[in-house]
Amino acid sequence: MAAGIKKGARGLLDTAKRIEVDPNALGMSGGNVKQKKYFTAYHGSPHSFDKFDLGKKRTGAGAQAYGDGLYFSEIEDVAKKYRDDLSASNKNAAKRTLDQFDGDATKAINHVKQKIVNLKKRNSEGQFSGYENKYNTQLQINNDKLDQLELYKANNNFNDGSMYQVNINANQEDFLDYNAPLSEQTGKVAEYIKNIETLTGQPLFNGQKNRTGSDLMLHMGGDLLRGGSKDPALDLSRELNAEGILGIKYKDPSLAGVNSSKKNYVVFNDDIIDIIKKYGFVGGTGLLGYNMLNNEEQTRKNSMGLL
């Protein structure tokens, strides 16, 4: 569909490295310092990590329902709900396996480890050929279960998940709006639509005014599927990203009927995500918080002999 369209410049992704300052002060400008465009969002996860990785995105709430990428929300409580729901699912799966072995954590752990070995063996034999998503999902479920069981064995406690506050180094206008009419799309999305219409010589969907970003996604995904794509959702995210469209934005279903401008985001590029704060995770003893920027600043001062 986008054949022949000139690839969109990545613009903001090629700008200088993010300036390390207090995120609450980033709205201030001084001297000749030019600050990078970004917006703040939240992510809730049953996992603990220090960097977002697109290679570990295949499981989660909604199973990538709004596109293939990493999911965030501008509303902290929405992200917390996803964390709580996913963590509860992981804990319940671990508890069921533990009950299966009458509370013997060692036997439960060995059982799950063997399931992982068997899954990997079946995959190496080609049994998941064409069904890679199914393999990745089953592997992630069992790895999550194993993590929960090992934590339980070590601390007699399950993992309640983690919260992440992030800066997404991009312009919100360059995200396809899933709910908005095509005529109200902005930034690189509007440019992309205009290029397609110029190339084909006709308006998308014959100019039907009720068509939205979701219709465009379905149409493009259908084209990719008919073209032989084995993973149209992934290929769609790659095609849009190549045109400078950095992801999808959509209104959370829990906010239906609520007048709110806040959005959820699906991000196609993990390089534009900076973790600012990691918090709300349990290490067997209590609630912890970690400010990534403060730690980076402390490390820098240590290296300079200032601390």
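Let's start in helix H5, where Gly 213, Ser 214, Asp 215, Leu 216, Met 217, Met 220, Gly 221, Gly 222 and Leu 224 are buried (buried means under 20% relative accessible area, exposed over 50%, partly exposed in between, with a 1.4 Å probe and protein chains only). Helices (H or I, at least four residues) and strands (E, at least two) are DSSP runs, numbered from the N terminus.

A quick word on the source: this is a predicted model, so local features need pLDDT of at least 70 and side-chain atom pairs count only at pLDDT 80 or more, while totals for chains, interfaces and linings use all residues. Residues are numbered from 1 along each chain as its sequence is written, and side-chain values use heavy atoms, with hydrogens and water left out.

Back to H5. The helix covers residues 213-226, and at 1.5 Å a residue its 14 residues should span 20 Å; the end C-alpha atoms are 20 Å apart, which agrees. That expected span is 1.5 Å times one less than the number of residues. Among the elements covering the buried residues of H5 are strand E4 (175-177), helix H4 (187-200), helix H6 (232-242) and strand E5 (247-250). Just past the end of H5 comes Gly 228, with a positive phi of about 105°.

Now on to H6. Here the buried residues are Leu 234, Leu 236, Ser 237, Glu 239, Leu 240 and Asn 241, and they pack against H4, H5 and E5 (contact means heavy atoms within 4.5 Å). After H6 there is another glycine with positive phi, Gly 244, at near 90°.

Step back to the loop between H4 and H5, and you'll find Phe 205 and Asn 206. Phe 205 has a positive phi near 50° although it isn't a glycine, and Asn 206, also not a glycine, has a positive phi near 55°. Which of the two is buried, and which exposed? Phe 205 counts as buried because its relative accessibility is 17%, whereas Asn 206, at 64%, counts as exposed.

Last stop: Asp 270, in the loop between strand E6 (264-267) and strand E7 (273-282). Its relative accessible area is 15%, so Asp 270 is buried. Leaving out residues up to four places away in sequence, Asp 270 touches Lys 51, Phe 52, Asp 53, Leu 54 and Leu 70. The side chain of Asp 270 reaches the backbone nitrogen of Leu 54 at 3.0 Å. As for Gly 69, it lies 201 residues from Asp 270 along the chain, yet their C-alpha atoms are separated by 8.6 Å.

Methods. A polar contact is a pair of N or O atoms within 3.5 Å; within protein, one must be able to donate a hydrogen and the other to accept it, and residues adjacent in sequence count only if both atoms are side-chain atoms.
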